[in-house]
Amino acid sequence: MEEMEEELKCPVCGSFYREPIILPCSHNICQACARNILVQTPESESPQSRRASGSGVSDYDYLDLDKMSLYSEADSGYGSYGGFASAPTTPCQKSPNGVRVFPPAMPPPATHLSPALAPVPRNSCITCPQCHRSLILDDRGLRGFPKNRVLEGVIDRYQQSKAAALKCQLCEKAPKEATVMCEQCDVFYCDPCRLRCHPPRGPLAKHRLVPPAQGRVSRRLSPRKVSTCTDHELENHSMYCVQCKMPVCYQCLEEGKHSSHEVKALGAMWKLHKSQLSQALNGLSDRAKEAKEFLVQLRNMVQQIQENSVEFEACLVAQCDALIDALNRRKAQLLARVNKEHEHKLKVVRDQISHCTVKLRQTTGLMEYCLEVIKENDPSGFLQISDALIRRVHLTEDQWGKGTLTPRMTTDFDLSLDNSPLLQSIHQLDFVQMKTSSPVPATPILQLEECCTHNNSATLSWKQPPLSTVPADGYILELDDGNGGQFREVYVGKETMCTVDGLHFNSTYNARIKAFNKTGVSQYSKTLVLQTSEDTDSEEQTVPFPVSSERLPLRRMSPFSSTLNLQPSFPRRSYFDFRPSPHQLSLHSSLQSLNAPVDIKKLLAVAWFAFDPGSAHSDIIFSNDNLTVTCSSYDDRVVLGKTGFSKGVHYWELTVDRYDNHPDPAFGVARIDVMKDVMLGKDDKAWAMYVDNNRSWFMHNNSHTNRTEGGITKGATIGILLDLNRKTLTFFINDEQQGPIAFENVEGLFFPAVSLNRNVQVTLHTGLPVPDCYSSRASIA
């Protein structure tokens, strides 16, 4: 409860809220404090006077455009407050909470009315002391803001829980501890004051005296004021406006601005928003639990760093003491480096502990405040603040995202002392990491006689120079777009031959290779230009260079496609549209254009690919070299293929290995940034057919069309035909077309996609020719 106290204090006065009101930005402020920070805009500079005079753009157009105005509900928003010309020399002050407060240009006039009823000056403006959003008050003044009854109730309970023993209310000097409370008088008495002021005779004899604790409970259970409408002060809230997200009364619905808006029952929306806030708190609670465990881990790291430091220093001292006097002089320098590393590690970890502790305290305070708000029984008051609280909970949960709960420093000291040099080389003694390394490997040589292209694949082979004496630990193969763009790694390993699959047909790729060892990397080899084929006839597509049958090339799926659109979430995926370079070595195959009609199958590119674990939802389970997938969740999850298509005709199939309880798997194509945690086709990034055991539907952007009879069972085969030449997508079930052409005018980059749950398992089959029925229709067309 103590960590919640900051949520209950006014940002202006620093005390607990007294008669808090809710500003349009969802922040709270005491009613008296709100009146204290009002700022009056000169009459000549008010928005109404400027509109009436028709004057041009002035210094106050910024205020007029950026502020939330209460004169019209059509205003689009509000902006940061930057000050008013009426008080250019009035400095900003700070409240006890450290929040900047803008005082009024002149003290308010004396009045005998309460702060809520006292009139405010015309053209008054108020700036939220927390977010610095500004707005102009209308004729209602501060009465136009709703009162936060829920916050008042939470503060009452908090103060009662923190209060000490109840004191007598009639003692003149030092109040004594109360012994009874009169329920009729609503006064706490000590024994002397009870005998003196409340004798048990006459009319007072009928009053009921109870113990102080019971009296406190009866006070707490007394009915609280019911929130009334800000526009119709005599009416209670009875409904909830969905469009304006606020409680309204029946007069607002009949004659006010909410008459044409959608409304719902106040009780139903109260329960709904309570449920939403509870669900949001569950996620935040998990984050807080992880944060606590993370703090324990960080504190353990401090101890581990201390222990490792002591152990490392002891080892270092033992090695240095075994050497001659010259080595002792060097020892002091080495110890200084270790101590510096030690202090650096401790500083990083302690800073992270401090940062995480502050954030956890804020998170816990927000959680406790939200839990207390949920306990309130005032639907109207709750709904006034529930939206803002839900947004705050989600925002706080996002702040505990990836990287926040990861240590910034390791506990190990990556330093090793090398004591092998002779005494005459003592002055060169240093840590192994600081010593001069051995030479880098020589530049690899591409073996042109073993390099070739086949369909949409490219095979490259290389070797070390014959006279090279420096061994290489591995090689890095890169492909470039041939248009001045950056190269991207497609293979890293020890092999000297690699086949890259899934490239675009009729495209040009630039390739280069370099070697590496512990010292560093070599220079790049000469750049090789590779042209992929236009046809699937293997005899015409393969570059006429024989590849030795004794060497089995390593096959790699290419991450390339047709647009220069790098996705940061998938560093291994790069998308390019390649063009040839005339100044480099070139390997390519070409086909002559034919004017006579040709079979469509000879114009279709056959692509081989598998499912991509890197972009799939974490619940997807892979097997069979990433060709078979299922799911661990009862909810639908999405998995994409590794290869993207932007041109050509492509066909692949999926067989249903397991089908239990009649689920609705979906098959189709999607963009790389499709939603992975809903059924395929729910958003505008996927085009799919979902099917059960009796029928199927097409779906895109959550729009369901073309219900077709005929479903799937175990052993069924689903075919997907993506014809980017005609910009169409067609589906097949068991070699028969399912319904009409599903989607037309499909353009761009598409990845094969599937969504399923734990009741379904499918296997992918690629490199297939298109169905005969489609080939016949395409030839006729």
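This dialogue explains how to read several features of a predicted protein model.

User: How many helices and strands does the protein have?

Analyst: Helices (H or I, at least four residues) and strands (E, at least two) are DSSP runs, numbered from the N terminus. By this rule the protein has 12 helices and 38 strands.

User: What share of the residues is buried?

Analyst: A residue is buried under 20% relative accessible area, exposed over 50%, and partly exposed in between (1.4 Å probe, protein chains only). Of the 781 residues in the protein, 46% are buried. Accessible areas come from the Shrake-Rupley method with a 1.4 Å probe, and for residues only the protein chains shown count as cover. The protein exposes about 40,400 Å², of which carbon and sulfur atoms supply 50%.

User: How is a nonpolar core to be read, and which residues touch the most other members of the largest one?

Analyst: In soluble globular proteins, nonpolar side chains tend to be buried together. A nonpolar core is a set of buried Ala, Val, Leu, Ile, Met, Phe, Trp, Tyr and Cys residues joined through side-chain atoms within 4.5 Å. The largest core here has 64 residues, and Ile29, Ile126, Leu277 and Tyr369 touch the most other members. Two or more residues of this core come from each of β1 (20–22), β2 (28–30), α1 (31–36), α4 (149–162), α8, α9 and α10. Helix α8 gives the largest share, 15 residues. A second, separate core has 37 residues, including Phe645, Ile720, Leu722 and Leu764.

User: Where does Tyr369 lie, and which residues does Tyr369 contact?

Analyst: Contact means heavy atoms within 4.5 Å. Tyr369 lies in helix α9 and counts as buried because its relative accessible area is 4%. Apart from neighbours within four places in sequence, Tyr369 is in contact with Met4, Glu7, Leu8, Leu151, Val154, Ile385 and Leu389. Tyr369 and Glu5 are 364 residues apart along the chain, yet their C-alpha atoms are separated by 8.5 Å. For the whole protein, among contacts with a separation of 6 or more, 65% join residues 24 or more positions apart.

User: How far apart in space are Leu135 and Cys25?

Analyst: Leu135 and Cys25 are 110 residues apart in sequence and 9.9 Å apart in space, C-alpha to C-alpha. Leu135 is in strand β8 (residues 134–136) and is buried, with a relative accessible area of 6%. In a further case, Ser285 and Thr363 are 78 residues apart in sequence and 8.8 Å apart in space, C-alpha to C-alpha. Ser285 belongs to helix α8 (residues 266–321) and is partly exposed because its relative accessible area is 33%.

User: Is Ser525, in a loop, buried or exposed?

Analyst: Ser525 lies between β21 (508–516) and β22 (528–531). With a relative accessible area of 10%, Ser525 is buried. Not counting residues up to four places away in sequence, Ser525 touches Thr443, Pro444, Leu446, Arg512 and Ile513.

User: What is the phi of Asp186, and what is that of Asn626?

Analyst: Phi is a backbone angle, read residue by residue. Asp186 is not a glycine, and its phi is positive, near 60°. Asp186 sits in the loop between β9 (180–182) and β10 (187–189) and is partly exposed at 37% relative accessible area. Asn626, also not a glycine, has a positive phi of about 65°. Asn626 is in the loop between β25 (620–623) and β26 (628–631), and its 22% relative accessibility makes Asn626 partly exposed.

Technical notes
Residues are numbered from 1 along each chain as its sequence is written. This is a predicted model: local features need pLDDT of at least 70, side-chain atom pairs count only at pLDDT 80 or more; totals for chains, interfaces and linings use all residues. Side-chain values use heavy atoms; hydrogens and water are left out.
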